[in-house]
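Please take a moment to look over the sequence and the 3D structure shown here, and then follow the paragraphs below as they lead from strand to strand.

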Amino acid sequence: MNDRHLVDPDNGVISREIFVSDEVFDEELERIFARTWLFLGHESQIPTTGDFFNSRMGTESVLLTRDTDGEIHALLNSCRHRGMKVCRYDEGNTHDFVCPYHGWSYSTDGTLVATAGELFGVPHYRAGYGGNLDRSQWGLVPTAQLVNHHGLIFATWDPEAPPFDTYIGGFRHWLDNLAASTAGERGRVKVFRGVQKWRIRSNWKFVSENFLGDNYHGPTSHSSVDAVGIGPGGKHAATRHGDNKRPRSVASTSFPDLGHGGVTTAGYAWGYPSFAEPEIDAFFQRRWRQRLERLEAEGRPIGAFGPSTLFPSMSLHAGGFPRALIVAHPVGPTETEVWRWYLIDDDLPAEVESWLRHWYLRYSGPAGLVEQDDMENWDYATEASTGTIARRYPYNYQLGLHMATPSEDLDDAVESSYFMTEENARNYYRRWSSLMSSTSWAEIEERTGRR
Ligand code: FES
Ligand SMILES: [Fe+2]
């Protein structure tokens, strides 16, 4: 595939083929989803030994488990005997995964367990296999690398993939904000139990692109939601308290070599929204002040805050509200399974938690009014791009072309001070193109001067 022909970030032109073609999609599974670091879940979803969460990487089902020693594993949910899903629950707790087809059993670290009697472990192990089956070779397939980043768990199938810290680069500030409480304490968040999952008739990249800094669509697409006033203060989607620092600007920041990008408020912070309930408003204003003090004391940037995307498919609302992350799992070129996690501080009073639950759900997810606006765009844009004639005409990504400058705050980043820009998207597709046209990580990193 000649991807250079399809993607031209320098001139802001990108072929519709990468959003609708079966051939491109198959290549993406191999070159992107089998090689990059992907998000699987949060450690609060599997707090005790034997806990599991049935997650997903690309098109594949992957079990996130905590074994009897408390170690976390990511295991391909496919029996090594004949491929049956060894677990069909969304989440739970178990001692072993017993395959429903012929009964092979795996422990929570993926080991094919020793036979106890003739019906557990590998049924008929002694009589049928003569005891000769080498169980050590037939465990569930583990990911090649796994990290727990302040509670956020990521893994990759590629042993050659760069270390996670190298892979995320300066985007760690957005991830750190996501994984910190509203008072800025690292690791003090948990997931609202129940991850939302639904399918949309859109290419997966529409989701990632939307969150990595498409400020352009807001005023047009979300004006009705603002007019209705679904925010916690009963006004716009998220009316905020005054800024606590002198603003430099709201900017779009992206990492040209890495593909990640987000909205940032470099040098100042947005502030939390105003809440209609006086006690809840006071509660979050208190947390906001604590957060500013903590970040300043620890020398952490306060601006990495807005919507953002970690290449390829994890997007987040890092430090604001609703505190949430979304993963766009590819299903086919024009179908995506979307998963949404909602995060909250691990010590919220029940009434605050309940308040947030209601707001999160009316804002985001399949029933969220803001997300519905977005999904409508992605679905209709995909549908109107699949026709023979439509596919001949590329998309335009020229907003803010050649207007970005090196970031003042972050290494290897560029910033567009006029926040209506498609610079972040251009850099995202630059990375996409680099992965799609390279056969190895060594080649990719050589090109970007990182090796
Ligand atoms: S497919 Fe799992 S035991 Fe046969
Ligand atoms: Fe939107």
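**Strands and their partners**

Ser-254 has Val-414 as its bridge partner in β22, where strands are DSSP runs (E, at least two residues; helices are H or I, at least four), numbered from the N terminus. This is a predicted model, in which local features need pLDDT of at least 70 and side-chain atom pairs count only at pLDDT 80 or more, while totals for chains, interfaces and linings use all residues. Residues are numbered from 1 along each chain as its sequence is written, and chains are lettered from A and ligands numbered from 1 in the order in which they are written.

The bridge at Ser-254 belongs to a pairing of β14 with strand β22 (residues 414–416), which is antiparallel and has 3 bridges; two strands are said to pair if DSSP finds at least two bridges between them. Strand β14 is also joined by 4 bridges to strand β15 (residues 261–264), again in an antiparallel arrangement, and here Ala-251 of β14 has Thr-264 as its bridge partner in β15. These two strands, β14 and β15, form a hairpin with 6 residues between them, and in the turn Gly-259 has a positive phi of about 90°.

In a regular strand the side chains alternate between the two faces of the sheet. Both faces of strand β14 (residues 251–254) are covered, with Ala-251 and Thr-253 buried on one side and Ser-252 and Ser-254 buried on the other; a residue is buried if 20 or more other C-beta atoms, placed from the backbone, lie within 10 Å of its own, exposed if 12 or fewer do, and partly exposed in between.

Now turn to another group of strands. An open sheet is formed by 3 strands in the order β3-β11-β10, with antiparallel pairing, and its edge strands, β3 (38–42) and β10 (145–149), each pair on one side only. From one strand to the next the twist averages 25°, with axes taken as lines fitted to C-alpha atoms (for helices over the stretch in contact) and angles running from 0 to 180 degrees between N-to-C directions.
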